[in-house]
Amino acid sequence: MGALFLSASAAAPCLPGEKLEPMPAEAPTAPYQGVIARYRAHLRLPEGAAPVTLLEGNTPLIPAPRLGAQLGCELYLKFEGLNPTGSFKDRGMTMAMTVAAAQGAKSVICASTGNTAASAAAYAARAGLKCFVLIPEGKVAAGKLAGALAYGAQVLQVQGSFDDALSLVRQLTDRSDREAGGRIALVNSVNPHRVEGQKTGAFEIVDALGRAPDWLCLPVGNAGNITAYWRGFREYQKLGRVTKLPRMFGVQAAGAAPLVLGHPVDYPETVATAIRIGRPARGEEALTAAEESGGQIVAAPDMTIMAMQHRLALEGVWCEPASAAGPAGLLQEAQAGRLDVSGQTVVCIVTGHGLKDPDAVTARMAPPLVIPPNLDALEAVVG
Ligand SMILES: *Cc1c(COP(=O)(O)O)cnc(C)c1O
């Protein structure tokens, strides 16, 4: 090692007067091939199943120094919006679709608040399977619906809530399992392979930090993700990769907070459509994760969530409203004196990209100023 150096002229151009450090030549590393290839030894998969992948995962842990300073902690944003279809759902979908394809399914179906639909549609397209998605009528953000359609899924709008849609697809796939040999695979987060794939987010955090954070903060809707992260951290602990586990800090939207209220919510309502869920499929597991880890699940109102979306955008990370719920709840609790994260390391899972729900921003902002095409007018504004 170390004997070979790239010459300066082979490197990127530099500014005048800037000196270039010679770059040490490294052994060529294998190109990244997605979460299954990276973590296969830790994932329960049928032997020999060929991964259906779009190279999901491997998302950055972005420091958020200004918000971190306000909280007195070292804060990182794990930006899951940079996955192939713009949300963390791709981590689970690569697993669900790999298993469905390996088991000979001909089509897949899911109920979705939007991101699962786009992800299922993309991975089904990749696998060559037909995809049906059921969404609550009129309640899915524009970028998500467009995604599902673009990837070629058959989208059905249900005159009801997400919970109604999930109940329908569960009944249908139960019947298909009994009567048609399981040719329609259910790829909702009740699908156990989804949670398996999503736990790779926890592995990545530990592999990047060299340890687990003190707090792991994330939004909670159907509660698959909090379940997955908790499982991932505990598995790494069993393997001796981490000694101390993080506390899990889950946040629901105040208008859709069954886990905080302690009972289902029949008509969940929130601007954070990805967590507009009144009967979380993995609610019990989420409560267990919070309790076992010494963490908590809290509720944040829509106004606080939208303020945090703006705040994160000012750190350069634009996420969809649901993703802002996590840090919104964190800041809310810290400011109320109910939570002290000073001196600690906190990772917030920024679950989905802001581009998924552009209306959430444009509907709230004044439209851009209109000026005549002359310099005076421009200078009057810019100064
Ligand atoms: C699915 C989703 C959530 C909620 O995750 P659960 O596993 O349902 O708790 C949060 N944010 C975004 C962007 C999502 O797509």
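## Residue classes and the model

In this report, Ala, Val, Leu, Ile, Met, Phe, Trp, Tyr, Cys and Pro count as nonpolar, Asp, Glu, Lys and Arg count as charged, and the others, Gly among them, count as polar. The structure described here is a predicted model.

## The largest pocket

On this scheme, the lining of the largest pocket comprises 10 nonpolar, 5 polar and 3 charged residues. The pocket has a volume of about 300 Å³. Its lining is made up of 18 residues, and those nearest the centre are Asp177, Ile184, Ala185, Leu186 and Asn191.

Four elements of secondary structure each provide at least two lining residues: helix H3 (89–102), helix H6 (162–179), strand E6 (184–186) and helix H7 (192–198). The greatest contribution to this lining comes from H6, which gives 4 residues.

## The second largest pocket

The second largest pocket holds about 150 Å³ of space. Its lining consists of Met306, Gln309, His310, Ala313, Leu314, Trp318, Ala360, Val361, Arg364 and Met365. Helix H12 (302–313) and helix H14 (359–362) are the elements that give two or more residues to this lining.

H12 gives the most to the lining of the second largest pocket, with 4 residues. By class, the residues of this lining are 7 nonpolar, 2 polar and 1 charged.

## The ligand and its shell

Around the ligand stand 17 residues, and the closest of them are Lys89, Asn115, Asn222, Asn225 and Thr351. In the shell around the ligand, 7 residues are nonpolar, 8 are polar and 2 are charged. Helix H9 (224–238) and helix H13 (321–335) each supply at least two residues of this shell.

## Polar contacts and cover of the ligand

A polar backbone atom of asparagine 222 lies 2.8 Å from an oxygen atom of the ligand.

Key. Residues are numbered from 1 along each chain as its sequence is written. This is a predicted model: local features need pLDDT of at least 70, side-chain atom pairs count only at pLDDT 80 or more; totals for chains, interfaces and linings use all residues. Side-chain values use heavy atoms; hydrogens and water are left out. A residue is near a molecule or strand if one of its heavy atoms lies within 4 Å of it. A polar contact is a pair of N or O atoms within 3.5 Å; within protein, one must be able to donate a hydrogen and the other to accept it, and residues adjacent in sequence count only if both atoms are side-chain atoms. On a 1 Å grid over the protein atoms alone, a cavity is a set of points where a 1.4 Å probe fits but cannot get out, and a pocket is an open set with protein on both sides within 12 Å along at least five of seven lines; lining residues have an atom within 4 Å of a point. Grid points are joined across faces, edges and corners, and a volume is the space filled by probe spheres set on the points.
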